[in-house]
Amino acid sequence: MKTVLINKKKNPRLFEKDPPIQKAVGILQKGGLVAFPTETVYGLGARVFDPRAIEKIFEVKGRPLNNPVIVHVGNLRQLESIVKEVSPIAKKLLKVFWPGPLTLIFPRGSRVPSEVSCGLPTLAVRMPDHPIALELLKELGEPIAAPSANRSGRPSPTQADHVRTELGDNVELVLDGGPCPVGLESTVLDITEAVPRILRPGQVTRETLEAVIGGVLPYELSSREGPGKSPGRKHSHYVPNVRIILISEEDFTKECERWRSSGKKVGVFSRESFEVQKEGFLFYRQCEGDNTLYAQNLFSVLHEAEAEGVEVLLVEQVDKKGLGLAIMDRLERAAEGSK
Ligand code: TXA
Ligand code: MG
């Protein structure tokens, strides 16, 4: 049984590798796909102006053709080359939050193939806060379309190995930047309507956004089901090949006891340290009672549980406040899909 206490000191150093950026640029220019690290999760990148390369992204991911992808830019000139206009609200936001884990929805510019946003008149754009991603964007000299580098419906990759296991030879090159520091995908904010609305919660919270631009409509959990404005929210998401059971802090010890003797291969992932006897579990991961660490490790624990052959993963719920909202969004969707 593996018992790991996830704490700040034990986290591997980030960005220590020396990736072959020029090779990646060559592959992209020829219409190929390259996976690269961002501060949130690994992206599966293609040249934004190459419709055939964009089609390849959808093929390799098995992505539904009505789920548009996010475009990454390295500077404001690249942004202006792909959108119709940068509104005063957009200017305020990108001044504060870019580079960083905030995706904004713009009116799509005429040069961008409609395949990128599945025919929508809008385009999702962000500037990633990661030295390798920014270097790649600079060296290529144009924006890169990149959804998360997983097969559609599966947990996002937060380490280069997750991408290799997930996509194999379908991706020509994976730039290895170590583990992604945020660990959850960016906040998606629609700024094309009179009042901005959160379409996907992430590290940049509603409160932080409101401090900069005033009123922001909250993320609605119900928008997962309905047609909504964020097409990707309809599909099943983040689902590993492991049954996930969400448990409150109060019930955690009791439920662990119950599952420990169930005869199943059980894994545990908790944010707090509980006084639980660890024998009988296939693996046991606990954080230091910190949402940032919990988010950082969430997807990698799902990948790991799967690789270890865990059948049931017991996961601690957190309050849906601040980063907790994004954590619970991913966990609830993973649990729903894994039933
Ligand atoms: O952190 C991230 O955002 C990562 C890294 C790689 O940058 N990317 C990512 O991409 O999570 P993806 O494709 O897995 O998720 C994109 C989300 C989907 O929910 C999609 O529906 C939404 O953004 N989206 C994309 N274009 C949109 C548009 N024009 N209008 C509304 N939502 C859009
Ligand atoms: Mg994704």
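How do helix 4 and helix 7 lie to each other? They are oblique to each other, in a model that is predicted.

Local features in this predicted model need pLDDT of at least 70, side-chain atom pairs count only at pLDDT 80 or more, and totals for chains, interfaces and linings use all residues. Residues are numbered from 1 along each chain as its sequence is written, chains are lettered from A and ligands numbered from 1 in the order in which they are written, and side-chain values use heavy atoms, with hydrogens and water left out.

**View 1. Helix 4 and helix 7.**
The axes of these two helices come within 10 Å and cross at roughly 120°. Axes are lines fitted to C-alpha atoms, for helices over the stretch in contact, and angles run from 0 to 180 degrees between N-to-C directions. Angles under 35 degrees count as roughly parallel, over 145 as roughly antiparallel, 65 to 115 as roughly perpendicular and the rest as oblique. Helices (H or I, at least four residues) and strands (E, at least two) are DSSP runs, numbered from the N terminus. The crossing of helix 4 and helix 7 is right-handed; a crossing is called left-handed if the near helix is turned anticlockwise from the far one by less than a right angle, and right-handed if clockwise. Helix 4 makes the contact through I89, K92, L93, V96 and F97, and helix 7 through T208, L209, V212 and I213. Contact means heavy atoms within 4.5 Å. The residues of this contact divide into seven nonpolar, one polar and one charged. Here Ala, Val, Leu, Ile, Met, Phe, Trp, Tyr, Cys and Pro count as nonpolar, Asp, Glu, Lys and Arg as charged, and the others, Gly among them, as polar.

**View 2. Helix 1 and helix 5.**
Helix 1 (residues 21-29) and helix 5 (residues 131-140) have axes that come within 10 Å and cross at roughly 55°. They are therefore oblique to each other, and helix 1 passes helix 5 in a right-handed crossing. On helix 1 the contact is made by I21, Q22, A24, V25, L28 and Q29, and on helix 5 by I132, E135, L136, E139 and L140. Seven nonpolar, two polar and two charged residues make up the contact of helix 1 with helix 5.

**View 3. The largest nonpolar core.**
This core has 48 residues, of which I82, W98 and L189 touch the most other members. A nonpolar core is a set of buried Ala, Val, Leu, Ile, Met, Phe, Trp, Tyr and Cys residues joined through side-chain atoms within 4.5 Å. Buried means under 20% relative accessible area, exposed over 50%, partly exposed in between (1.4 Å probe, protein chains only). Among the elements that each supply at least two residues of this core are strand 3 (43-47), strand 6 (122-126) and helix 6 (160-167). Helix 2 gives the most, with five residues. Apart from this core lies another, of 26 residues, among them Y238, Y294, L313 and A326.

**View 4. W98 and P99.**
Leaving aside neighbours within four places in sequence, W98 is in contact with V73, L79, L93, L104, F106, V125, R126 and M127. A cis peptide bond joins W98 and P99, with omega about -10°. P99 is found in the loop between helix 4 and strand 5.

**View 5. The loop between strand 5 and strand 6.**
C118 lies in this loop and has a positive phi of about 50° although it is not a glycine. C118 counts as partly exposed, at 24% relative accessibility. S110 lies in the loop between strand 5 and strand 6 and counts as exposed, at 77% relative accessibility. S110 and I82 are 28 residues apart in sequence and 7.4 Å apart in space, C-alpha to C-alpha.

**View 6. Y238.**
Y238 is in the loop between helix 7 and strand 11 (243-247). Phi of Y238 is near 65°, a positive value in a residue other than glycine. With 2% relative accessibility, Y238 counts as buried.

**View 7. V71 in strand 4.**
V71 lies in strand 4 (residues 70-72) and is buried, with a relative accessible area of 0%. Leaving aside neighbours within four places in sequence, the contacts of V71 include V48, I82, V116 and L123. The C-alpha atoms of V71 and S117 are separated by 9.5 Å, with the two residues 46 apart along the chain.
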